[in-house]
Number of protein chains: 2
Amino acid sequence: MTGTVAVNGEVRRLEELRLQDFLQSFFFGAGFFETLLVEEGAPMFLARHLARLRESLGAHTGCVHPPPPDVLTPEAVREAMRRCLEADASLGLRFTGVAKLVAGDGRLLLSFSPLPQRAPGEGMVLETAEDRCYRRGDPTLNHKSVSYLRQYAQLGRGTVFVNEAGELCEAPNGNLFFLVGDAVVTPLLEAPCLPGVIRSVLLEQGRLGGMPVVERTVLRGQVEDVRGCVLTNSVSLALAVPRLLGRELPGSHALAENARAVVREYARREG
Amino acid sequence: MTGTVAVNGEVRRLEELRLQDFLQSFFFGAGFFETLLVEEGAPMFLARHLARLRESLGAHTGCVHPPPPDVLTPEAVREAMRRCLEADASLGLRFTGVAKLVAGDGRLLLSFSPLPQRAPGEGMVLETAEDRCYRRGDPTLNHKSVSYLRQYAQLGRGTVFVNEAGELCEAPNGNLFFLVGDAVVTPLLEAPCLPGVIRSVLLEQGRLGGMPVVERTVLRGQVEDVRGCVLTNSVSLALAVPRLLGRELPGSHALAENARAVVREYARREG
């Protein structure tokens, strides 16, 4: 993480920030976050990320203290970002990397970090089903809160969260899309899973590789019928899953490439 | 919360602490906490709280950065506490209130707050079953992590968490004991629930009000057979639940009083 941040739009140095000003998030996990891809200084799908953040804050009035509404607009965040990039020579106005927003304790904290190192075309093998944690219909998992230990503990372990009904839900770092039958299927929000920004883009597009994209339950037992799998998140956009719970899925790479093209086209249109 | 704290045994002012030094807890909820009752300067069940903290840290090596082992001993925490109380005239060596320990980011943070305001003999009405969140066997809920939003959002709302099998699990702020049949029954850790310090004391004692104390599943449908209910936690020790999910439980007050007596006797013996 880099040293230049913004708090409610004001450029600050990370080392100046006091724990005291973020205690509810720190003690109780009472905050929400967004992770955005920034390319050449431009944050991708910023309006969608802020809409999700506002929705989570709106669903937790009384327990999470929201930032002032005027710092939660795309214009305000773009301006805060511009000021940070301009102020820090190690970032610069053409910065490409990751921006993170954390909302809680009446503040919106904007910070930056480099892109994760990943070889081009590298996929994400998902080999482990974690089937003790997720509860079907759990509304808390529809929000990207800093109460994130459950996901954090599984990062990089090739985990798929499975609910008590044996339904595949999501990976710790993204939503899942499965090529099964003649459709591309992604689990319902009630599985539960995060309402991912890339997930919603692919559902809005409605077609991928010539097939319809639909929300539908995917049971663990159906993995043998899956011919391709893609993991989506806002930083990597779409990653091929070349192996899923013991099954080789060579079809994943083409599917991921199609998904990235759709996402790029949406991002271009939304500016 | 008061302004004098200790970080890894060193007395500090809260306002001097930098967010930067607690980022993993702040961003990802990757830390654990303990809340202790302090009476006349003496922390109750300190060794038990530290044992639980070490157990949670041990179960999360690789994702939560533990404090140095030498700050996690009862002697070290007693000494840190003594130094804080001595340094702050608003606390003083005879301080009675709440101490909080947070372990994460390679640090143990000790802080203090006043006792919650509660009228003597006041109980805790539990009127709402939250039955969408808890998953039977979820191991993450056996640890008191700062990923606490699920519980925090329900504090003070009279909530009982119920799992998908209809089993009563716990309240957001404590374990539950039910007087049912000829036993005092508390849910299994697998319900799931926190391995509460007061819970373990009552189970060790093994008898309450002349009846055995046992771990056993309590179904929501069994509430009509419950004749008393007690909520236990380390600050209030044992609170009567005079109404549970629509059922009046006048027997709760005597049961809570018995429980408090048992806990006080254990605390006296353990020093």
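**Group meeting: a two-chain predicted model**

Okay, let's start at one serine: leaving out residues up to four places away in sequence, B:Ser234 touches B:Thr35, B:Leu37, B:His49, B:Val197 and B:Ile198, where contact means heavy atoms within 4.5 Å. Before I go on, this is a predicted model, with local features needing pLDDT of at least 70, side-chain atom pairs counted only at pLDDT 80 or more, and totals for chains, interfaces and linings using all residues. Residues are numbered from 1 along each chain as its sequence is written, chains are lettered from A and ligands numbered from 1 in the order in which they are written, and side-chain values use heavy atoms, with hydrogens and water left out.

Back to the serine. B:Ser234 sits in the loop between strand S14 (226–233) and strand S15 (237–240) of chain B; helices (H or I, at least four residues) and strands (E, at least two) are DSSP runs, numbered from the N terminus. Is B:Ser234 buried or exposed? B:Ser234 counts as buried because its relative accessibility is 12%, the cut-offs being under 20% relative accessible area for buried, over 50% for exposed and partly exposed in between (1.4 Å probe, protein chains only). Its side chain also makes a polar contact with the side chain of B:His49, at 3.2 Å. By polar contact I mean a pair of N or O atoms within 3.5 Å; within protein, one must be able to donate a hydrogen and the other to accept it, and residues adjacent in sequence count only if both atoms are side-chain atoms.

Now another serine, over in chain A. A:Ser90 is in the loop between helix H3 (74–87) and S5 of chain A, and A:Ser90 is exposed, with a relative accessible area of 58%. The side chain of A:Ser90 has a polar contact with that of A:Asp88, at 2.6 Å.

On to the interface. Here 47 residues of chain A are in contact with 47 residues of chain B. The rule finds 22 residue pairs in polar contact across it, both at pLDDT 80 or more. There are 2 salt bridges between the chains, meaning a side-chain nitrogen of Lys or Arg within 4 Å of a carboxyl oxygen of Asp or Glu. B:Arg150 forms a salt bridge with A:Asp138, with the closest N and O atoms 2.5 Å apart.

Last stop, helix H2 of chain A, residues 46–58. H2(A) has 13 residues, and its buried residues include A:Leu46, A:His49, A:Leu50, A:Leu53 and A:Leu57.

Note on methods
The expected span of a helix is 1.5 Å times one less than its number of residues.
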